[in-house]
Each structure stands twice: as C-alpha cells, then as structure tokens.
Amino acid sequence: MRKVLLKSQRPLQLIVAMLGALAGVFMLLFSIQVYLDLSAALNAREDLLGSDYLVIQKQVTTLDSFNPESLGFGTNEIDDIRHMNFVEEVGVFESSRFQVFAAITGLPGSREIYTEAYFEAVPDRFLDVVTGDWQWKEGDERVPVILPAAYLDAFNFGFGPSQGLPPLTEKAFKLLTLKIRIRGNSDVFFNGKIVGFSDRINTILVPLDFLRYSNLNFQTRQPTSPSRLILAVTDLSHPGIARMMEEKGYDTNQENLKGSRVKTILLVVLVLFLFIGGVIVVLSILTFIQYGQILISRVNYELRVLLLMGYDHTKLANHYLGYVMIWLAIIFLSAIGLLYLAEIELLKYLKEYELSTQPGISLYVWLAAFGLILVYTAINAWSIRINLRRLAKNLQG
Amino acid sequence: MHIELNQALPLPMRDESFSPESLWKRSAILESGNDHLILAPSGTGKTSLLSFLFGMRNDYQGSILMDNKEVKTISIAEWALIRRERISIVMQDMRLIPTLTVEDNLNLKNNLKKMYRENDIRDMLSRLGLQEKWKQKAGTLSIGQQQRVSIVRSLLQPYELLMLDEPFSHIDEENIRLASELIVEQTRKKGANILMVSLGLDYNMKFNQQHRL
C-alpha cells in the first residue's frame, strides 16, 4: 500500500514542510516557556525589572524652599490617589520630628562614622525586606533599622575608599553597631541593628511602632503632612501612572519606571515572538494540507483503482493520516528536544542575572504542544478525508 | 443480485434515439440466478450502464434499482462494501496500476478478503499463460496480457455478480477460451452470475438472458 500511496512523494517538499512546522512549533512553545520562566523569575525577584510599588513625592521648586508645607500630601489628595483605578493601596511615610545622631562603630581600625540622621517609617506590608527582627516594643533598647541598598554601594565605592576603609559585604554590615542618640528634652540612647537593605524604599527605616513612640515622647516639632507616599499599584506600566505624575507634578524614582518599561518591552517582544510563531504554525499547517493534497492528486489514478477494488475511503485516509502522524511525531520530538537545549541555555542566562526559575519544560508548554498536535492532526485528518471522499464520489476520471 | 431498470437513460444520451427493445427504453429485470449478455453497438452506453451498476456514475434519468434500492442513493461506504463482497468487474480499460508488478496488483485485491493463497493466484495466471509475468511491472505488459491480469484480479474476491465490459477485446482466441473457462469455473464455485456487455460476440459462454441497448 505504501508503494501506491507515497509513490509520488517529493522528499525535499516534505522536508521543507516539516522544517517550517518545526520552526513554528518551536517558536510558539519556546515563547510560552520563556514567558513562564521569566514570569516565575520576576515574581520571585520582582524588583529587578521594576516592582509594583512606587514611591512618590512632589517636585521641589524654588518657592517650596519658603513654604516646605507645600511639599506635603493633604488628606483629600491622598484619598484622590487612593481612588485611582491602578492604585491598590497607599502607604504614608511618617517622619521623625526630633533630632537624631547616629554612630556606626565596629569598623576596621576601630573607626567610627558619626552623623546627624533622621528616621522614617511605613506600614510593614510595604517593605521588601522580610525579617523576623523587624519589631520593636516599648522598653526595647534594640531598634531594627533598614538602610537603602544604595547606601551599601555608596559606602563600598564612595565613602569607604575615600576614608581608607575596606569594602563590606551586606552580612558584615549587619554585624556593625549603630548607636542612636535622640535629642529631645533630654538625650535618649538606643542600639540600632541593621537588619536589611531596601531596594524599594530609599530612606532610613525604623519600625512604625518605634517612630510613633519616639515622636510622641521626644518630638520637638509639630506634625506635618507626609511628604512621601508609597503606592502599591496593579501594574507599573499602567499609562494612568505617567499621566497622574505629570498632571499633579509628582516625582518618583525614575529607575522603577524604566524597569517597568523594560518589562513591558520584554512582554511585547515575547508576544511578537508568539505571534510570529503562531503565523508560522498556521502557514505550516496550510503547507501540510497542500502537501497532502498534492500527494493525493499525484496518485489520483491509483487511489481510484483502489476505491474501485473496494477499499474504503476512510481506511485509505487513515493510511495517510498514519504517515502524517509519523511526520508530526518527528516534528514535535525535535521541537521538544530543541526546547530542552534552549531551556538549558535560558536558565544559564537567567542565572547570570541572579534570576532563578524551575528547570525543565513547563506543564503549560506540554499542554500547548499536545494541543498543537491535536490541531495539526484534526485539520490534516479533515483535509485528507475530504479529498478522498471527493475522489470516491467521482470515480469516473 | 436483483437489478431492475425502469426507463433508465444516461443524461448525456437523452436526445439520442433507441429502438423500443433497447434496455434504455423499457423496464427490465436482470434476475439473479441468470447470466446476462447485453449486446450493444459501439456508443450506445454499455460502459455507462456498468458504471451506474458499479457506483462510478449516477448521471441518469429514470430508475435503476439494485435489490430494490435506487443506486443513486447508495452511500460511498456501501459501495465499498458492494465492491468488496458482492460485485466484481473487469473493465474495458483494465485499471491496473502500471508502476506495480503483477504480483502487487493482484495482492492489492486479494488482501482485501484474503480468499486465495499465492499458489492459487499463480495457478490462475499460469492457466492464462502469464506464469512468467509475476514480477513484471503491469505497465510493461501488452494490452492483451493486461486484460488477462485484470480478469484474474476480478476473480480474487467473493461476488454475486461478475460484470465484464468487453473483457476479451485484445485477447487471442485460445486465450479467450482459457479465460472464459476460468471465469465460468470461478463464478460457478462462488454460486454467482455473470453480466457481460459485448459489441456482439458471446465468446462461447452460455447466457440465460440476452438484452440489447
């Protein structure tokens, strides 16, 4: 039977059709895999390409120097922001209203860094540093502190070299002692403990409970409106954010938004990849259908003879479908093989950027592959049957 | 197999005139249990009649019933079954696959019902003087040899009716005698009947009923 049905097979045409299908299937599956890998990696370390948090403040103008109060956010203004459709939650920065002096001790060579400082606090749920040490209650001498991640770099690459101090790791930094002196009506001392470095919030953070206690007991100034807000937003690439920033004259850490743009561009590229893969898949399905039609038309006479002998057109169609299934198996096994190799390379690449994800081909990719096999098979089966049925109905030729 | 024709006429021939005795002009029953000879001058539609009775065409007016069923209404799946088990045919243009050997051509038919072993098939070929052609491509045989191969092929299945469309047109007398003997012998064994259309000769085969087109 094979001698008859595949008599006029053109291997080159078949190879071209199969390579086309392989390219399309691979692109489609690979873009799904990349999307899933990147999503998993980015969810695990959201901040790298821009988190869903945004710290905003008002742009400082010369006039503000004479009226610092104008930089604060009023209750109504905060409410307006809270009701924006892209805002999930608003956190208010609370500031210290007393004088703080901080000294870092325990540096190599018994050096000490002494500076006037300030504290701020935000509700815990806005923090990106998760630690069990982040708590303070009245009577505790030990106060946990989170420093901006940028401070570590500034110390290691700016302050340290200029003062002849060696660079310190994050871990070593956490071992240093931070002596805190609060000047209220009288001086009060606390032992600060650096518990982490924040990428998200660029300030010196202490627990909200400590800040409120200190303000209540040591404040030398009256409360003012908060000058910075932290927003939890649905998506940093939401166009409403840029509009709000411009209209209201707000300012933010630009890097965050840049990151979000990278994320958006990446997604657009992936969607484009997915789209091109989809187009190639559709074209390759059409090529396969056409190849099947050509194959059938080339053995038109032989098929008619078989039908006149009493061969069932559905059985002949199944023979063809059997060959199609073998070709599809070769295509999909090759695509999955390529995907494995690509996945290994992708994981290496992600590792370079300290992103990690589950190794191996995702279940969704397997499902997509299975779905594609079904689509290819169904469309080809339909086309082959239609062609043979048409032939069986017109045996005269 | 009971076949009934009622004023059946191929559509392309509806403007042509036929004698009142012509099968195209009257009602006729081709009863089962009889061998039928249909004599027809060239161009009177004998191949068309067999095409209607074998499900290859249905462009006719009037009615053609096969076991009381209008042949136009028989589905392609039913036709496949009829061609495998109830009607076999030797066509005027043989319909062998030229690129395949005689062996492959015959096996394609025999494989459907696996009625005969290879030796039986080779015996039939030998009886028609084709024993040396087993491995030869059908396309390289003479027309007469191809006709004999297609006769053997038609016998490799169960049937109730064997339809022959000018089966001996390119065969010499001696081989006609051998082929008709083989046809009759195999048909009797199967308890079947023959329906032959011919320009005018009966090739010394015995027919119970004779018709004209």
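Into which domains is chain A divided? Chain A has domain 1 (2-46 + 261-393) and domain 2 (94-222), with bounds that come from an automatic or database domain assignment. The centres of domain 1 of chain A and domain 2 of chain A, taken over C-alpha atoms, are separated by 59 Å.

This is a predicted model, in which local features need pLDDT of at least 70, side-chain atom pairs count only at pLDDT 80 or more, and totals for chains, interfaces and linings use all residues. Residues are numbered from 1 along each chain as its sequence is written, chains are lettered from A in the order in which they are written, and side-chain values use heavy atoms, with hydrogens and water left out.

| Item | Value |
|---|---|
| Residues from chain B in contact (heavy atoms within 4.5 Å) | 24 residues |
| Residues from chain A in contact | 21 residues |
| Salt bridges (side-chain nitrogen of Lys or Arg within 4 Å of a carboxyl oxygen of Asp or Glu) | zero salt bridges |

Between them, chain B and chain A bury about 1900 Å², with 61% of it on carbon and sulfur atoms; buried area is the accessible area (1.4 Å probe) that two parts lose on being put together, summed over both. Of the area that chain B buries against chain A, 33% comes from Ile76(B), Arg95(B) and Leu108(B), more than from any other three residues.

Helix H2 (76-85) and helix H3 (102-113) of chain B each supply at least two residues of the side of chain B that touches chain A; helices are DSSP runs (H or I, at least four residues) numbered from the N terminus. H3(B) gives the most to this side, with six residues.
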